[in-house]
Amino acid sequence: MLRLSESSPNAGSSLLKSHNIAFRKNWVLHLLIAIFVLYWLAMAIHPVDYRDFYLESALPFILIAVLAFLYRHFAFNNISYILITVFFILHLTGAHYAYEYSPVDFWFKGTFHSERGISDRLVHFAFGLLMVYPLEDMIIRLMKTKWVWSYVITFSVIMAASALFEILEMLVGLMANPQLAEQYLGLQGDVLDTQKDMMMSLCGAVIGIGCIAGYRYFKQKDPSDDDGREGHKGIRVRVR
């Protein structure tokens with residue numbers, strides 16, 4: 001009989017860092033799913049624009065479906081799922097306010113006398129910052145590459161994903177409703193909006209990679225420290 005077992009040596013840290021927790025036992029992931037669903041329901045109540053909100057909601061639901069499909073074969077650790085959930089919450093908050101009418105935007109416009117809000121830029125920055133860890137973890141596990149190259153590849157993937165998102169955002173907006181396209185794209189009268197959004201993702205990615213590199217630099221002299229990723233051994237299969 002085949003039986004799957006976890007290979008985490010430290011029970012205390014495996015809850016967050018292990019990649020081999022069975023879904024039925026992963027209460028942290030259950031909690032994150034519940035938080036996301038409840039938050040989506042809350043944000044779906046009287047958004048600024050229903051059509052825009054549902055278009056913006058497509059991205060997290062597609063990614064969640066992909067993550068659910070991959071869970072048995074290639075699960076991330078719970079730190080990654082926490083970061084992904086935080087990004088989804090920020091994205092849904094922006095979508096609720098159509099990325100233009102949020103309290104943060106009104107504060108920014110009033111304080112700095114700007115005609116344009118900042119919430120969409122902050123979410124693009126959060127994408128670069130929060131997605132670095134999950135992507136770099138995936139690259140290390142799939143490609144067995146060294147840290148330096150994992151940083152380079154992670155940065156490249158972040159920037160490619162940011163560019164692809166801008167292209168898909170344009171296509172979806174135009175196909176769904178040409179009149180809604182400008183609002184969905186969040187241009188707010190800025191012809192350089194796409195380039196500035198990508199620059200914010202770049203800044204977030206650089207800071208995120210810097211944090212990971214700094215953490216490893218200060219921890220590499222501690223032989224007892226295990227971040228749960230480089231020592232990943234995968235799922236063992238026992239035959240009985």
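## Overview of the chain

Of the 240 residues in the protein chain, 41% are buried, where buried means under 20% relative accessible area, exposed over 50% and partly exposed in between, with a 1.4 Å probe and protein chains only. This is a predicted model, in which local features need pLDDT of at least 70 and side-chain atom pairs count only at pLDDT 80 or more, while totals for chains, interfaces and linings use all residues. Residues are numbered from 1 along each chain as its sequence is written, and side-chain values use heavy atoms, with hydrogens and water left out.

The protein chain has nine helices and two strands, taken as DSSP runs numbered from the N terminus, with helices (H or I) of at least four residues and strands (E) of at least two. Read from the N terminus, the order of the elements is β-α-α-α-α-α-α-α-α-α-β. Among contacts (heavy atoms within 4.5 Å) with a separation of 6 or more, 72% join residues 24 or more positions apart. The protein chain exposes about 13,900 Å², of which carbon and sulfur atoms supply 71%; these accessible areas come from the Shrake-Rupley method with a 1.4 Å probe, and for residues only the protein chains shown count as cover.

## Aromatic rings

A pair of aromatic rings is described by the distance of the centres and the angle of the planes. Here, rings of Phe, Tyr and Trp (its six-membered ring) pair if their centres lie within 6.5 Å, and planes under 30 degrees apart count as stacked, over 60 as edge-to-face and the rest as tilted. By this rule the structure holds 16 aromatic pairs. One of them joins tryptophan 40 and phenylalanine 53 in a tilted arrangement, with 5.9 Å from centre to centre and 35 degrees between the planes. Tryptophan 40 belongs to helix H2 (residues 27-43) and phenylalanine 53 to helix H3 (residues 50-70), so this pair ties together parts that are 13 residues apart in sequence. Tryptophan 40 counts as buried because its relative accessibility is 18%, and phenylalanine 53 is likewise buried, with a relative accessible area of 0%.

Phenylalanine 87 and phenylalanine 88 also form a tilted aromatic pair, at 6.2 Å centre to centre and 45 degrees between the planes, and both of these residues are buried. Ring pairs link Phe36, Trp40, Tyr50, Phe53, Tyr54, Phe61, Phe87, Phe88 and Phe127 into a cluster.

## Salt bridges and a charge over a ring

Side chains of opposite charge can pair when their charged atoms come close. With a salt bridge taken as a side-chain nitrogen of Lys or Arg within 4 Å of a carboxyl oxygen of Asp or Glu, a search of the whole structure finds four salt bridges. In one of them, arginine 116 pairs with aspartate 120, the closest N and O atoms being 2.6 Å apart, and both residues are buried. Another joins the side chains of glutamate 136 and arginine 216 at 2.7 Å, N to O. Glutamate 136 lies in helix H6 (residues 119-143) and arginine 216 in helix H9 (residues 193-219), so the pair ties together parts that are 80 residues apart in sequence. Glutamate 136 is buried, with a relative accessible area of 1%, and arginine 216 counts as buried at 4% relative accessibility.

A further salt bridge brings together the side chains of arginine 141 and aspartate 137 (3.6 Å, N to O). Both residues lie in helix H6, four residues apart, which is about one turn of the helix, and both are buried. The charged end of arginine 141 also sits over the ring of phenylalanine 74, 4.1 Å from its centre; for such an arrangement, NZ of Lys or CZ of Arg must be within 6 Å of the ring centre and within 35 degrees of the ring normal.

## Surface patch and loops

On the surface, Phe23, Ile33, Val37, Leu38 and Leu41 form a nonpolar patch with about 450 Å² of accessible area together. Patches are made of residues with over 30% relative accessible area and no salt bridge, like charges being joined within 9 Å and nonpolar side chains (Val, Leu, Ile, Met, Phe, Trp, Tyr) within 5 Å. Leucine 41 is located in helix H2 and counts as partly exposed, at 46% relative accessibility.

Histidine 46 is found in the loop between H2 and H3 and counts as exposed, with a relative accessibility of 64%. Although histidine 46 and tyrosine 97 are 51 residues apart in sequence, their C-alpha atoms are 9.6 Å apart in space. Tyrosine 99, in the loop between helix H4 (78-96) and helix H5 (103-112), counts as buried at 7% relative accessibility.
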